Amino acid sequence: MAHPSPIKPALGRSAFVTGGAQGIGRAISCRLARDGYDVSIADIPPQKEKAQEVIKEIESYGRRAIFVTVDVRDAKQIEAAIAETVEKLGPNLFVSVANAGVTQVRPLLECTPEFIENEVRINVLGFMNTHIYAAKQMVKQGFGGRILGAGSIASYRTAENLSPYGATKFAVRGFTEASAKEWAQYGIRVNAYGPGIVDTPMWDHIDAELAKIENISIGEAKAQRVKREVKLGRIQEPEDVAKLVSFLASEEGEYITGQTIKTCGDSQGYRRSKS
Ligand code: NAD
């Protein structure tokens, strides 16, 4: 099949973002709206209220936004969430962001099969199935698309007490590279963003654990962690990640596919010890 010629995305097109109600997903949803996309915020039911705030912000940029419920552990729910997005925002899905993910610090010897299974179901299976259902819709529409997903600094270097998480993010990198090869023929580019340490609720329990270990406040623990682990010396904001997503979704990123791109301030990644 011939490669569709590059087209101007944005206006009149829509984006689908899993885990879009908070953290990095929220920043990505808002940034894509500012870039001209209508946005479908896909998240678990308890996030409905938070999603309403995101919808308000998106509407202030003059774009449409909807909340669709999805638990990415269930492939059928992903399929339904994409179908609902297309039904409500139109058959013009151009950007899909498999952002939903979980992490928890836990020594391997304390990881139960249930704990590992949950991380794999969300970070790997949920990620892959989101990509596949989005790609099916894009192929059906016939004008290409941009598929993005949450990698991590952990897609490149492992960290102690984060082994299952690291393994899931290595999988993200592999699947990104492989699916990009398969879907280039449809004008679909596939990339992942690889944040270091971003200021989102995901780290709250990690900072709390560090604070307990070192007998300091949670604020001090966060400051210490950033100083120790990030060369640029400031914590990354979710908007820093959204800038990369915006670039990769745009024509500026036209020749980039199959990549997991680190955006981490030259972070060393999470380390529990002070050394
Ligand atoms: P977060 O915990 O703040 O937000 C995650 C979002 O995913 C939430 O809205 C949550 O409701 C949703 N979610 C969780 N389980 C879900 C499920 N089963 N189905 C659907 N949605 C679900 O996390 P974040 O920091 O914004 O991280 C977003 C992504 O970026 C994750 O994949 C994470 O691994 C990755 N990442 C984050 C960091 C960081 O420092 N925060 C660093 C590297 C990579």
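This is a predicted model: local features need pLDDT of at least 70, side-chain atom pairs count only at pLDDT 80 or more; totals for chains, interfaces and linings use all residues.
Local features need pLDDT of at least 70 and side-chain atom pairs count only at pLDDT 80 or more, whereas totals for chains, interfaces and linings use all residues. Residues are numbered from 1 along each chain as its sequence is written.

**Strand S6**

Select residues 188–195, which form strand S6. Helices (H or I, at least four residues) and strands (E, at least two) are DSSP runs, numbered from the N terminus. Colour S6 by burial: a residue is buried if 20 or more other C-beta atoms lie within 10 Å of its own, exposed if 12 or fewer, and partly exposed in between, with C-beta atoms placed from the backbone. In S6, 8 of the 8 residues are buried, so the strand is largely enclosed by the rest of the structure. Show the side chains next: Ile 188, Val 190, Ala 192 and Gly 194 point one way, and Arg 189, Asn 191, Tyr 193 and Pro 195 point the other way.

**The neighbours of S6**

Two strands pair if DSSP finds at least two bridges between them; S5 and S6 do so in the parallel sense over 6 bridges. From S5 the chain passes through H5 to reach S6, a right-handed β-α-β crossover (with the strands pointing away from the viewer, the path from the first strand over the helix to the second runs clockwise).

Now select residues 260–263, strand S7, which runs parallel to S6 and is joined to it by 4 bridges. Here Tyr 193 stands opposite Ile 261.

Asn 161 is partly exposed, with 18 other C-beta atoms within 10 Å.

Then select Asn 215, in the loop between helix H6 (204–214) and helix H7 (218–229). Phi of Asn 215 is also positive, near 55°. Asn 215 is exposed, because 8 other C-beta atoms lie within 10 Å.

**The ligand shell**

Finish at the ligand. Of the 29 residues around the ligand, select Gly 19, Gly 23, Gly 101, Ala 150 and Thr 200, which come nearest. Helix H1 (residues 23–34) gives the most to this shell, with 3 residues.

Technical notes
A residue is near a molecule or strand if its C-beta atom, placed from the backbone, lies within 6 Å of it.
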